[in-house]
Amino acid sequence: MLAKVHDGIAFSKIISSTKAINAWKTYFGFKKAIRTKNAIHPSLPMSLSIEPTTSCNLRCPECPSGLRSFSRPTGMIQQETFKKIIDELHGYLMYLILYFQGEPYLHPSFLALVEYAYSKNIYTATSTNAHFLSKENALKTIDSGLNRIIVSMDGTNQETFEKYRVGGNLEKVIQGIENLVSARKETGKRNPYIILQFILFRHNINQIQEARSLARRLGVDELEFKTAQVYDFEKGSELIPEANQYSRYQPDGSHGFSIKNDLLNKCWKMWHSCVMTWDGTIVPCCFDKDAKYAMGNINESAFQEIWNGKPYLDFRSRLFENRKEIDICRNCTEGLNV
């Protein structure tokens, strides 16, 4: 509980009057847009996800990075591209997620990116498989100013863990978490807030209690259980838990599955956040993993021109008309009933 309080204080410190006004305009602009069906956006995003790299050391079966199945180019972000969007948006951004696809710590300058964003008074977060949290990297992570880190660990023994984290080593993940917790104690710092994330699959729901025990033993700040995303969920999958409460999908009555989401014709994500891929392409959200709906590129245009450009306005308008017709929306958690 104390760690959560300190995390909340850290977040509150980055809020300026400009950011607060922007957030107010974003929220009420969204409410107005729902009523009027007018997709013009009155403000700038409060949250942004940036992809350091598409590279990954694992081969998770429901991940484009793991499957090496991207139709878009793969690579690592250039610092100039990163700094350009941060310089344009830092006065408005409250929350920066340095993760989209890939393993962030594979980027050789990842922590330098974190440090730059932190120096611009932005709350920073990332998600990692923790295979690169050596003692040295753990200390550098703390020094970078990173506020929050999510560590994915979907099994409490190697056999269960590697069923999804293919090529992964559970002991290395545990050691990485221990390194980070120890580094915090050694430096006397409270950052980053450490979340252990346990994605729920059919093969690991029997380890929920063990996961709770392990989280307590490791000394993480929070344990988060997350329902799994499955690409071809309509056909069913051995990954989908049979227990309905642990899944974002449900049997549809005709030997298939449907998502537990009414997919209402609105989306808060389209107003408060967006995603930038490693090459500077702006896409609407984290469900557009292949950057199919490219809205523009930060290396070619100012962000504000992209944010209220015709592609974005057309996309937001389509959401108001029939969200179910947009393919990346059909597996979306926005509005999910689970």
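This is a predicted model: local features need pLDDT of at least 70, side-chain atom pairs count only at pLDDT 80 or more; totals for chains, interfaces and linings use all residues.
**View 1. Lys37 in the loop between α2 (17–36) and β1 (47–50)****.** Lys37 counts as partly exposed because its relative accessibility is 45% (buried is under 20% relative accessible area, exposed over 50%, partly exposed in between; 1.4 Å probe, protein chains only).

**View 2. Ala130 in the loop between β3 (123–128) and α6 (135–144)****.** Ala130 has a positive phi too, about 65°, and is not a glycine. With 1% relative accessibility, Ala130 counts as buried.

**View 3. The cis peptide bond between Asn191 and Pro192****.** Omega is about -5°. Look for Pro192 in the loop between α8 (170–187) and β5 (193–200).

**View 4. The buried residues of α4 (79–89)****.** They are Thr81, Phe82, Ile85, Ile86 and Leu89. Down the axis of α4 they fall within an arc of 125°, so they line one face of the helix; the arc is that of the directions from the helix axis to the C-beta atoms. Their packing partners include α5 (110–119) and β9 (273–276), contact meaning heavy atoms within 4.5 Å.

**Notes.** Residues are numbered from 1 along each chain as its sequence is written, and side-chain values use heavy atoms, leaving out hydrogens and water. Local features need pLDDT of at least 70 and side-chain atom pairs count only at pLDDT 80 or more, while totals for chains, interfaces and linings use all residues.

Conventions:
Helices (H or I, at least four residues) and strands (E, at least two) are DSSP runs, numbered from the N terminus.
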